[in-house]
Amino acid sequence: VLLVVGMAKTKEFRLIIASSATFTTEYPTYLSITHVEQTVAQQKKRMPASTQLALVSGTHMGIEPQAALLADRLALPCYRFTQPAIRPMTAADYACNERMAAFSHGVLALWDGEDSLVKHLMGAAHYHKLQIVNLEG
């Protein structure tokens, strides 16, 4: 459960949607999205009327590409972060994670504990003191 705390200056709670890449290859994507959608819908209901829930995603494999569709279904704003044009690609992915974490208030993840990109995002989330919910952990 995510809580809205310390939000006096903002009227938007930005929630990163992230998952391990295995959630498109080894786990039924439909079930992943359904679980995330139910959790986001519950969070939306808990928000004060003055606070808008918004979804944030990158372009990593997993459920991230579905975040915009989920935002559409739930009538939420959605921010999509892309990797900067730097090499190697891993550095670009990490830079994207850092930007998303600095921009957001919380992370909703489906993380298997092994995906290194999501591990990095979790580290960035801890650094920026984001609220974290791992639906798999």
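**Before you look.** Buried here means under 20% relative accessible area, exposed means over 50%, and partly exposed is in between. The views below come from a predicted model.

**View 1. Cys78, a partly exposed cysteine.** Cys78 has 30% relative accessibility, so this residue falls in the partly exposed class.

**View 2. Cys96, a buried cysteine.**

**View 3. Arg14 and Glu12 in a salt bridge.** Opposite charges can pair up like this when the charged atoms of two side chains come close. In this view, the side chains of Arg14 and Glu12 meet at 3.3 Å, N to O. Are these two partners buried or exposed? Arg14 is buried, at 16% relative accessibility, and Glu12 is buried as well, with a relative accessible area of 14%.

**View 4. Arg73 and Glu37 in a salt bridge.** The structure holds two salt bridges, and this view shows the one between the side chains of Arg73 and Glu37, at 3.0 Å from N to O. The pair ties together distant parts of the chain, with its residues 36 apart. Arg73 sits in helix α3 (residues 67-73), while Glu37 belongs to helix α2 (residues 29-46). At 47% relative accessibility, Arg73 is partly exposed. Glu37 is partly exposed too, because its relative accessible area is 21% and the buried class is kept for values under 20%.

Terms used
Residues numbered from 1 in each chain as written. Predicted model: local features only at pLDDT ≥ 70, side-chain atom pairs only at ≥ 80, totals over all residues. Heavy atoms only, no water. Salt bridge = Lys/Arg side-chain N within 4 Å of Asp/Glu carboxyl O. Buried < 20%, exposed > 50% of the residue type's maximum accessible area, 1.4 Å probe, protein only. Helix = DSSP H or I, 4+ residues; strand = E, 2+ residues; numbered from the N terminus.
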